[in-house]
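Colleague: I would like to learn how to read the packing in a model like this one. Where do we begin?

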Amino acid sequence: GIPVVFQYESLHSGGLSATVFPMPLSLGATWNTSLLTTVYDIIGNQTRRAGARIGFAPVINLFPDPRYGRFQEAFSPDPALTALYTRVAVLGLQGSITGNATTYLPPNKVISLAKHYAGYGGGAGGLNCGGLHASEREVRDV
């Protein structure tokens, strides 16, 4: 049969009764990668203790319009900072990957499932799920 795999939204918390941290936009504003590593290490540990093996985090999309209702889910509208913070968050959630596909995940870590890819938050007028009005070049440049 198909095994059951539990997952949890892990943007700023690791489950029910877990520590709730500031949203990623606030964490990104600290410019403190050491702090982000610690935060996502704790989130990964608490998510795993809650019974999940996959954490839906981080959000790697860039939201160019601050009117977008989910703007706070991203670390920054800047591609370089988002790339840096994404790497740090993934390492905090799942640690350094060693071993093979069946043994690489330590018992206190979760698989980091990054979400919301290119263009997701670029809807016209800042509307969630709105149409993306960008040329192919604009999308590729980001």
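Modeller: We begin with one side chain. This is a predicted model. Tyr-40 has 0% relative accessibility, so Tyr-40 counts as buried. The cut-off for buried is under 20%.

Colleague: How many aromatic pairs does the structure hold?

Modeller: There are 2 aromatic pairs. Planes over 60 degrees apart count as edge-to-face. The ring centres of Tyr-40 and Phe-75 lie 6.1 Å apart and the planes meet at 75 degrees, so this pair is edge-to-face. Tyr-40 belongs to helix H2, and Phe-75 to the loop between S2 and H3, so the pair ties together parts 35 residues apart in sequence.

Colleague: Is Phe-75 buried or exposed?

Modeller: Phe-75 has a relative accessible area of 2%, so Phe-75 is buried. Phe-75 also pairs with Tyr-85: the centres are 5.7 Å apart and the planes are at 70 degrees, so this pair too is edge-to-face. Tyr-85 lies in helix H3, so this pair ties the loop between S2 and H3 to a part 10 residues away in sequence. Tyr-85 is buried as well. Tyr-40, Phe-75 and Tyr-85 make up one aromatic cluster.

Colleague: How do I read the helix itself? Which residues of H2 are buried?

Modeller: An α-helix has 3.6 residues a turn, so residues three or four places apart point the same way. In H2 the buried residues are Leu-36, Val-39, Tyr-40, Ile-43, Gly-44, Gln-46, Thr-47 and Arg-48. S1, helix H1 (24-28), S2 and H3 are among what covers them.

Colleague: What about the length and the ends of H2?

Modeller: Check the span. At 1.5 Å a residue, the 17 residues of H2 should span 24 Å, and the end C-alpha atoms are 24 Å apart, which agrees. At the start of H2, a side-chain oxygen of Asn-32 comes within 3.2 Å of the backbone nitrogen of Ser-34. Just after H2, Gly-51 has a positive phi of about 105 degrees.

Colleague: In what order do the strands form the sheet?

Modeller: The 3 strands form an open sheet in the order S1-S2-S3, with parallel pairing. Strand S1 (7-9) and strand S3 (111-112) stand at the edges with a single partner strand each, so one side of each has no neighbour in the sheet. Strand S2 (residues 54-56) pairs with S3 in the parallel sense over 2 bridges. Ile-54 has Ile-111 in S3 as bridge partner.

Notes: Residues numbered from 1 in each chain as written. Predicted model: local features only at pLDDT ≥ 70, side-chain atom pairs only at ≥ 80, totals over all residues. Heavy atoms only, no water. Pairing = 2+ DSSP bridges. Helix = DSSP H or I, 4+ residues; strand = E, 2+ residues; numbered from the N terminus. Expected span 1.5 Å × (residues − 1). Buried < 20%, exposed > 50% of the residue type's maximum accessible area, 1.4 Å probe, protein only. Contact = heavy atoms within 4.5 Å. Polar contact = N/O pair within 3.5 Å; in protein donor to acceptor, adjacent residues only side chain to side chain. Phe/Tyr/Trp six-rings, centres within 6.5 Å; stacked < 30°, edge-to-face > 60°.
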